[in-house]
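Please examine the following structure with attention to its aromatic rings and to one of its helices. The briefing below is grouped by topic.

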Amino acid sequence: MFEILKKKKIVEKEYDMWIKAPRVASHAKPGQFVVVRTSDKGERIPLTIADYDRENGNIRLIFQTVGKTTYEMAKLEVGDKLADVVGPLGTPSEVKKHGTVLMIGGGVGIAALFPIIRELKNLGNKVITILGGRTSELVIMKDECAKYSDELIITTDDGSEGIKGVVTDAMKMLNERGEKIDYAWAIGPTIMMKFAALTAKDLGIPIWVSLNPIMVDGTGMCGACRVTVNGNIRFACVDGPEFDGHGVAWDELMTRLKQYKDQEKISLEKYLNEVGEM
Amino acid sequence: MALNIPKNKTPIAEQKPEERSHNFKEVVLGYTLEEAITEANRCLQCPTHPCVSGCPVNIDIPGFILALRNNDLSESIKILKSYNNLPAVCGRVCPQESQCEGKCTVGLMKEHEPVAIGKLERFVADWAASHEGVEEPPKKVEVNKGKVAVIGAGPSGLTVAADLAKKGYKVTIFEALHAPGGVLMYGIPEFRLPKTIVEREVKAIEELGVDVETDVVVGKTITIEEIREEYDAIYIGTGAGTPRFMNIPGTNLNGVYSASEFLTRINLMHAYEFPKYDTPIRIGKRVVVVGAGNVAMDASRSALRLGAEKSMIVYRRSEKEMPARIEEYHHALEEGIEFHWLTNPVEYIGDENGNVKAVKCIKMQLGEPDASGRRRPVPIEGSEFVIEADMVIEAIGQTANKVLLSTFPELKLNKRGYIEADPETGATSVEGVYAGGDIVTGAATVILAMGAGKKSAKAIDEYITSKKKA
């Protein structure tokens with residue numbers, strides 16, 4: 001069992017938790033994830049590790065409530081326990097001295113991006129970060145990302161903060177400004193990553209994206225998370241979750257993400273009926 | 001007297017096919033005590049007992065059957081458990097027809113079926129578990145011989161752990177999933193092997209003093225170096241672990257599963273009880289399963305139980321080459337699984353929403369024998385045809401999982417990517433590191449994995465003992 005040590009609602013539907021998981025914390029690297037199960041009857045879901053405190057043996061998970069499991073997690077309080085937290089899983093990010101790196105984040109993907117930003121900065125890269133969201137308050141972890149970024153650009157759909165527009169507008173702006181980017185990362189909603197990758201391709205920038213397909217075991221045993229990258233079948237849980245953004249078959253991934261749409265709805269409605277609306 | 005023994009095995013109660021094909025409850029209901037003794041009386045107690053040599057863990061089969069016949073269930077379970085730590089499991093899932101029962105002297109007699117050794121093993125194990133006091137509690141042993149880490153709580157790892165615990169070792173099993181049992185939990189369905197039986201036999205092993213730590217992926221959660229520092233020896237029994245795909249067009253359509261995913265969702269995650277359990281599964285109406293091993297039988301029969309109107313197996317060879325256990329094949333036939341022999345998929349066809357809607361197949365014929373000794377299936381040009389299907393499950397085997405192996409480069413692998421290990425001891429290229437089961441042999445059977453575990457337990461004991469003396 002894995003105890004919840006801290007819990008905070010950051011914005012509507014987004015939560016920030018620290019969990020006691022010493023072995024995960026002591027081995028976690030940027031870009032990795034855990035598989036979480038809330039209870040004996042729970043589903044196994046992957047969540048990216050947003051941060052880790054090796055000394056105290058804690059990991060940080062930032063998640064959005066989308067389905068039954070994440071709603072159930074949001075209901076848990078400090079002192080409650082998750083049945084299972086297993087990890088750190090997946091191949092760590094390829095963090096090294098690239099030169100200038102462009103870090104693009106959206107939604108709770110910003111949480112996954114944060115440890116990579118920090119590590120890249122510590123390795124001496126020039127870090128330019130673009131964080132996007134519908135509106136200002138949905139752009140999370142601005143201060144933390146700013147701390148490790150040479151430049152932080154915010155984009156919002158409604159113009160409530162930074163550039164009015166989407167992350168790709170900021171990418172084009174940097175290009176027009178003549179900024180030479182050696183490598184980029186994009187982590188966020190699949191549709192955002194798709195367009196960030198397309199734009200990066202136009203601009204000739206290599207880009208990593210962190211894919212979040214449906215998983216079961218998270219250790220390469222089942223193949224639920226298979227994605228097509230550069231024409232080959234890869235398992236996101238072990239070969240990824242980060243892949244060459246230029247090679248991802250995005251539409252296939254988005255179709256596969258919808259596989260259990262109907263059941264997910266049944267499960268969530270049943271849960272919300274049991275606990276009352278959140 | 002030998003000539004008077006009944007020709008056929010004592011019939012065993014089973015759920016009727018039309019009933020069981022709609023539920024996940026166990027198909028075979030087991031013998032009563034009376035039936036078991038009747039069947040035990042079919043055993044000749046022949047002096048050559050070829051059955052024993054047919055068993056990968058060499059159970060004293062005439063011995064446990066004789067004790068049963070004498071109505072001494074305590075002695076019978078004691079004999080079984082001294083060879084096999086998972087008798088209720090093996091009685092249910094071993095391919096007896098090619099092992100003990102395949103060699104049974106009765107079975108070699110004209111028109112006679114062999115003694116139902118598997119059913120008797122299962123009976124004794126179930127009886128002991130449901131009647132308190134029949135089985136003696138495990139002897140207390142002093143735990144002073146050393147520390148052993150076992151990676152993977154499947155049949156092989158559990159066997160090593162139990163045998164070493166009985167010898168006085170402190171054993172810790174690291175299991176990647178949230179429950180111990182390995183393939184017994186995630187692979188073999190409830191209707192063939194109820195999970196309460198697995199839990200019961202795992203619990204008995206834990207009572208020997210074995211620690212099982214779940215949610216630990218060795219190579220990720222802890223490293224092999226950390227384990228090597230802390231333990232005197234390591235046994236790797238991680239299973240084969242990665243599904244193979246046909247890799248034909250349409251493999252990533254929605255509704256195309258690996259058998260590993262399909263069965264894991266159902267067995268380990270209880271998707272057949274959705275939404276009581278959270279994990280969902282697609283309910284196919286017309287299901288095509290590719291392959292004809294035990295896993296394919298399990299998948300096709302599970303699909304039927306989930307509510308499929310038609311569950312079909314396509315296999316590129318013929319009935320004769322089918323690798324499945326004969327009992328599973330018969331059960332599948334009784335339940336109405338449709339078999340398409342000499343048929344191989346070449347493409348999965350999707351609809352406009354990315355869901356599979358049909359399987360394009362090609363007819364095959366058998367050519368010259370291949371490396372496996374079986375005749376090689378060759379496609380018949382121009383024989384393509386289409387089977388409508390809204391779900392496909394590929395059960396075409398596995399390859400070695402690289403999660404642990406990629407972090408342990410000193411460990412020598414064979415050409416197929418599995419661990420190279422001495423078949424008699426399980427010793428690998430690294431001192432103090434042993435391996436067995438599917439990660440050495442590639443996908444095989446529960447009992448072969450257990451046999452490997454038994455040999456390694458002995459070798460590990462010898463290794464640690466001699467090292468401590470030195």
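A charge sits over a ring if NZ of Lys or CZ of Arg is within 6 Å of the ring centre and within 35 degrees of the ring normal. This is a predicted model, in which local features need pLDDT of at least 70 and side-chain atom pairs count only at pLDDT 80 or more. Residues are numbered from 1 along each chain as its sequence is written, and side-chain values use heavy atoms.

**Charges over rings**
- The charged end of Lys147(B) sits over the ring of Tyr231(B), at 4.9 Å from its centre.
- Arg305(B) lies over the face of Phe191(B), 3.8 Å from the ring centre.

**Aromatic pairs**
- Rings of Phe, Tyr and Trp (its six-membered ring) pair if their centres lie within 6.5 Å; planes under 30 degrees apart count as stacked, over 60 as edge-to-face and the rest as tilted.
- Over all chains, the structure holds 15 aromatic pairs.
- One of them, Tyr183(A) with Trp208(A), is stacked, at 6.1 Å centre to centre and 15° between the planes.
- Because Tyr183(A) lies in strand 12 of chain A and Trp208(A) in strand 13 of chain A, this pair ties together parts 25 residues apart in sequence (strands are DSSP runs of E, at least two residues, and helices of H or I, at least four, numbered from the N terminus).
- Phe174(B) and Tyr231(B) are both buried (under 20% relative accessible area; exposed is over 50%, partly exposed in between, with a 1.4 Å probe and protein chains only).

**Helix 9 of chain B**
- Eleven of the 14 residues of helix 9 of chain B are buried, so this helix is largely enclosed by the rest of the structure.
- Its buried residues include Leu120(B), Phe123(B) and Val124(B).

Conventions: Chains are lettered from A and ligands numbered from 1 in the order in which they are written.
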